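Let's walk through this model together, moving from helices to charged pairs and on to the sheet. Keep the viewer open as you read.

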Amino acid sequence: MKFDINFFSALLLIVLFITMKLRNEAVSTSSGLFFRLLWSVVLLLMLEVLSWAFDRREGYYHLNYFFNFAMAFSTSITPCLWASYIDYHMFESYERLRKRWFYSHTLLINGLLLLINIFRPFIFSVSPENVYSREPGMMVMAFINLGLFAYISLLAYRERQRIEKAVVWVLLLYILMPVVVAFMQVAFFGIFILWPMMAITVVLTYIFLETVSTSRDYLTGLLTRSRIDAHLEYLLGHDRKFTLVMIDLDKFKEINDTYGHLEGDKSLKLFSGVLLRVFSPERLVGRYAGDEFILILEKMTVSEIRKKMARVGDEMNWLHKSGHLEFQVKFSYGYYEIKGSEQFSYRDVVGFADNSMYLQKKSKENENERELFCAEDRLNIEKQNTR
């Protein structure tokens, strides 16, 4: 009966798989990796039961050895799939995964160790009386798998500038949970919680990374316009004080025309990530349309907003200088403060902030024109002096 949780966990994952199939959505690289991850955990849940089912039973030596061998080998499959799945969510490159052999290096190393174990048992052994025993080498395999988890954790931390902060912490949490439970299971022989915990982790992964909420923009992960509009109507209806900020990327069409739409999408995602990092989670950050963004900021002064927008500009410059972006992304913004007593409609407030933004954009264009005229005047003066 102590394996009931394994059966229920496997059943939960199978139901999840059937549900995803019934939705009849187009299969993506992400969902394909997720399916492999799901079935690897189901396999391990069943192998864990079978690895104990024939232990200490007379006449079942070979089955006992086979299932324990399969269990030890398969424990390296899931970390490889986890690493591949997380890497894809960070870089969105299937070709990158192929070049890295889908992080199967740990699987190959542990497979070689298990082959050696057949002749010189140092990972596990099965006595002539058909009694399974762990050997000191079992910890070697655990540390090899842990090394892969540690590498992916460091990679996620290093690349935190290019992905949403929330996603980074979610990925690290999903790595940490199985690692902690794995050490508990290794330390306390006879408890069986690792793979049921992995099943829970797979379900959480599906909820956070494989489902696209209607309140989140698919490309940027920011709140959608419908979600922002609904909250804005709520604030206006309850006479709340807040500041509405509208942001527009400068010359975004030129970026798409020069570097391509994929690079344009990349700049939108990076810019969105910077907005989320600079403005704390309790502030609402949304994608309004195309290359336009909207912020709803409560309890934040205009001077604080200006400082934070300057920080956004500094971070985008850093992304360009560090090589994350081939081009420099500049933006214009405008804002409007709602005191809480005005009887303005949704259309009025957005219009005020929008006009403020376009005034800044026009001011930049005029300044650029003046700089251009000054440069031409200097050139003409230099030509006259040379004559």
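Helices (H or I, at least four residues) and strands (E, at least two) are DSSP runs, numbered from the N terminus. This is a predicted model, where local features need pLDDT of at least 70 and side-chain atom pairs count only at pLDDT 80 or more, while totals for chains, interfaces and linings use all residues. Residues are numbered from 1 along each chain as its sequence is written, and side-chain values use heavy atoms, with hydrogens and water left out.

The term salt bridge here stands for a side-chain nitrogen of Lys or Arg within 4 Å of a carboxyl oxygen of Asp or Glu. How is each partner covered? Residues are called buried under 20% relative accessible area, exposed over 50%, and partly exposed in between (1.4 Å probe, protein chains only). Asp-229 has a relative accessible area of 17%, so it is buried, whereas Arg-225, at 36%, is partly exposed.

H10 has 13 residues, and its first and last C-alpha atoms are 18 Å apart, close to the 18 Å expected at 1.5 Å a residue. The expected span of a helix is 1.5 Å times one less than its number of residues. Besides Asp-229, the buried residues of H10 include His-231, Leu-232 and Leu-235. After the helix comes Asp-239, with a positive phi near 55 degrees.

Helix H3 (residues 61–74) can be checked in the same way: its 14 residues should span 20 Å at 1.5 Å a residue, and its end C-alpha atoms are 20 Å apart, so the two agree. Among the buried residues of H3 are Tyr-65, Phe-67, Asn-68 and Met-71.

Back to the charged pairs, where the count comes to twelve salt bridges. One of them joins Asp-87 and Arg-96, at 2.9 Å from N to O; both of these residues are buried. Another brings together Arg-240 and Glu-298, at 3.0 Å from N to O. This pair links distant parts of the chain, 58 residues apart: Arg-240 sits in the loop between H10 and strand S3 (242–249), and Glu-298 in the loop between strand S5 (292–297) and helix H13 (302–321). Arg-240 counts as partly exposed because its relative accessibility is 32%, and Glu-298 does so too because its value is 22%. There is also a network, in which salt bridges with shared partners join Asp-248, Asp-250 and Lys-361.

Now turn to the sheet. Which order do its strands follow? Four strands form an open sheet as S4-S5-S3-S6, with antiparallel pairing; two strands pair if DSSP finds at least two bridges between them. Strand S4 (284–289) and strand S6 (331–338) are the edge strands, each pairing on one side only. From one strand to the next, the twist averages 20 degrees. Inside the sheet, six bridges join the antiparallel strands S3 and S5, and Leu-244 has Ile-296 in S5 as its bridge partner.

Finally, look at helix H6 (residues 105–119), where Leu-112 is found. At 52% relative accessibility, Leu-112 counts as exposed.

Definitions and conventions
Axes are lines fitted to C-alpha atoms, for helices over the stretch in contact, and angles run from 0 to 180 degrees between N-to-C directions.
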